[in-house]
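Thanks, everyone. I'll keep this quick and go through the side-chain contacts one group at a time. Please have the structure open as we go.

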Amino acid sequence: MDERLYLVKEGEIALKGGNRIMFERKLRGNIRSKLKPYQSRMDKSKGRVYVSVEDSCPREQAEKALSTTFGITGWAESERCREKSMEAIMEKTEEILSRNPFSSQGSFKIDVRREDKSFPLDSHAVACALADIVEKYYPSLRVDLKNPDYTLTVEIRNQCFVYTDSRKGIGGLPVGTAGRGMLLLSGGIDSPVAGYTMAKRGLKLDCCYFHAYPYTSEMALEKVKKLASLISPYLQGTRLFVVPFTKGQEYIRDHGVEEEATLMFRAAMMKTAEKLSLLYHDIALVTGEAVSQVASQTLDAMTFTDSMTDMLILRPLCGMDKEEIIKVAKDIDTYDTSILPYEDCCVVFSPKHPVTRPDKKIMKEHFEALHMDALINEAVENTVIYTFSDQGIEEGKSGVRKAEDGEN
């Protein structure tokens with residue numbers, strides 16, 4: 001089988017102790033799943049994973065797989081030398097440079113990483129020898145060791161590798177090494193970033209969206225499905241639970257206190273998300289709340305909504321300002337979709353003067369007086385599930401399933 005080789009650099013995984021094997025195994029499995037249906041092979045070395053994939057695998061698929069997989073700090077399409085010798089390194093360098101990977105103007109450096117200290121030449125000597133080859137093909141290039149336009153990299157390990165195009169990875173820990181969570185995904189800027197941030201810490205995430213049709217349009221639902229598809233590669237695939245929430249919101253509007261409406265909506269959402277999470281073995285809820293960003297995100301308000309569930313609630317954006325959040329949203333390509341003018345259910349029936357410093361005890365009494373259990377159960381039973389993977393989207397299925405039937 002003709003193959004291409006990618007040299008993958010591990011990051012934080014290398015700092016793990018006795019359980020490092022588990023992290024490494026998960027990383028290899030996550031990469032392999034994104035390369036399907038093409039055959040791939042993973043070989044492990046200190047701080048490196050060598051990914052060999054059949055040559056028929058499109059480059060864009062392989063590059064997207066490595067660019068969206070947490071646990072990777074860098075990667076490069078690389079070439080293996082025929083043997084571990086200076087002659088073989090020079091031969092492979094000549095072969096690569098003959099394909100004109102650089103332009104004729106600018107600067108370069110040679111980065112030699114001599115992991116095998118028994119190799120007869122030190123890093124400086126190897127770099128000097130290869131500099132003569134670069135000068136042969138690119139006589140106009142100048143040396144710049146600090147900020148070069150081009151870098152030729154050689155790694156001398158149990159074998160020798162040469163490459164010219166090193167890419168930066170997204171770091172973090174492999175998805176699936178930190179347990180499972182449920183992301184409350186709205187149509188805004190914040191929640192996709194929150195999901196990305198927690199996936200970076202190894203959390204495997206489902207997504208939950210509350211749909212209040214006809215107050216929120218079908219375009220709003222399509223917008224959220226698009227957001228789920230955009231973050232899905234970072235999440236190693238995900239399920240989107242679309243919860244019909246119209247009856248619940250109308251009931252709160254008609255029977256609750258107007259100033260408390262937004263917080264009552266959020267309380268009902270928390271209890272609904274908890275029920276779905278227990279069905280699917282998710283052990284934490286993740287939200288895109290940031291402290292004091294809106295009226296429902298004061299400390300008092302969040303203390304009340306936290307009291308609606310015994311589950312751990314993770315709010316990774318709490319200490320970020322809006323500009324920081326927007327930057328990440330642009331980096332992961334969710335921003336342009338998030339700002340589309342289709343509002344989610346969070347703004348439906350919003351009071352003109354919402355309570356910002358609620359008393360937890362009083363608010364809990366008011367929520368319990370609404371007797372929402374039947375409406376919450378009905379919403380859970382009528383939830384529609386969409387599954388997102390590297391192979392695309394599986395159309396929605398009505399009704400939640402038991403975890404053993406619906407695990408991804």
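Let's start with a charge over a ring. Lys-330 sits over the face of Tyr-335, 5.0 Å from the ring centre. Bear in mind that this is a predicted model.

Now the aromatic pairs. How many aromatic pairs are there? The count comes to nine. Take Phe-102 and Tyr-138. Their ring centres are 5.4 Å apart, and the planes make 45 degrees, a tilted pair. Where do the two residues sit? Phe-102 is in the loop between helix H3 (86-97) and strand E5 (107-114). Tyr-138 is in the loop between helix H4 (123-137) and strand E6 (142-143). That puts them 36 residues apart, so this pair links distant parts of the chain. Both Phe-102 and Tyr-138 are buried.

Phe-102 has another ring partner, Tyr-150. Here the centres are 4.8 Å apart and the planes are at 25 degrees. The cut-off for stacking is under 30 degrees, so this pair counts as stacked. Tyr-150 belongs to strand E7, residues 150-156. Phe-102 is in the loop between H3 and E5, so the pair ties together parts 48 residues apart in sequence. Is Phe-102 buried or exposed? Its relative accessible area is 8%. Buried means under 20%, so Phe-102 is buried.

Phe-70, Tyr-196 and Tyr-234 are linked into it by ring pairs.

On to charges. The structure has 35 salt bridges. I'll pick out a few.

Begin with Glu-63 and Arg-167. Their closest N and O atoms are 3.7 Å apart. Glu-63 is in helix H2, residues 59-67, and Arg-167 is in strand E9, residues 166-171. The two are 104 residues apart, and the bridge links distant parts of the chain. How accessible are the partners? Glu-63 has 22% relative accessibility, so it counts as partly exposed. Arg-167 has a relative accessible area of 30% and is partly exposed as well.

Next, Glu-79 and Arg-99. The closest N and O atoms of this salt bridge are 2.4 Å apart. Glu-79 lies in strand E4, residues 72-80. Arg-99 lies in the loop between H3 and E5, 20 residues away from Glu-79 in the chain. Arg-99 is partly exposed, at 47% relative accessible area.

Then Glu-155 and Arg-157. Their closest N and O atoms are 2.8 Å apart, and they form a salt bridge. Both Glu-155 and Arg-157 are buried. Which residues join them in a network? Arg-48, Asp-111 and Arg-113 do, through salt bridges that share partners.

Now a serine. Ser-85 is in the loop between E4 and H3. At 11% relative accessible area it is under the 20% limit, so Ser-85 is buried. What does its side chain meet? There is a polar contact of 2.9 Å with the side chain of Glu-83. A polar atom of the Ser-85 side chain also lies 3.1 Å from the backbone nitrogen of Ala-88. Leave out residues up to four places away in sequence, and Ser-85 touches Phe-119 and Cys-160.

Next, a tyrosine in a loop. Tyr-342 lies between helix H11 (335-338) and helix H12 (360-370). It is partly exposed, with 29% relative accessibility. Which residues does Tyr-342 contact, leaving aside neighbours within four places in sequence? They are Ser-217, Met-219, Ala-220 and Lys-223. Look at Ala-220 in particular.

Last, the cysteines. A disulfide needs two cysteine sulfur atoms within 2.5 Å. For Cys-207 the nearest cysteine sulfur is that of Cys-208, and it is 8.9 Å away. Cys-207 is buried, with a relative accessible area of 0%. Cys-318, by contrast, is partly exposed at 25% relative accessibility.

That's the tour. Questions, please.

Key: Residues numbered from 1 in each chain as written. Predicted model: local features only at pLDDT ≥ 70, side-chain atom pairs only at ≥ 80, totals over all residues. Heavy atoms only, no water. Buried < 20%, exposed > 50% of the residue type's maximum accessible area, 1.4 Å probe, protein only. Helix = DSSP H or I, 4+ residues; strand = E, 2+ residues; numbered from the N terminus. Contact = heavy atoms within 4.5 Å. Phe/Tyr/Trp six-rings, centres within 6.5 Å; stacked < 30°, edge-to-face > 60°. Lys NZ or Arg CZ within 6 Å of the ring centre and 35° of its normal. Salt bridge = Lys/Arg side-chain N within 4 Å of Asp/Glu carboxyl O. Polar contact = N/O pair within 3.5 Å; in protein donor to acceptor, adjacent residues only side chain to side chain.
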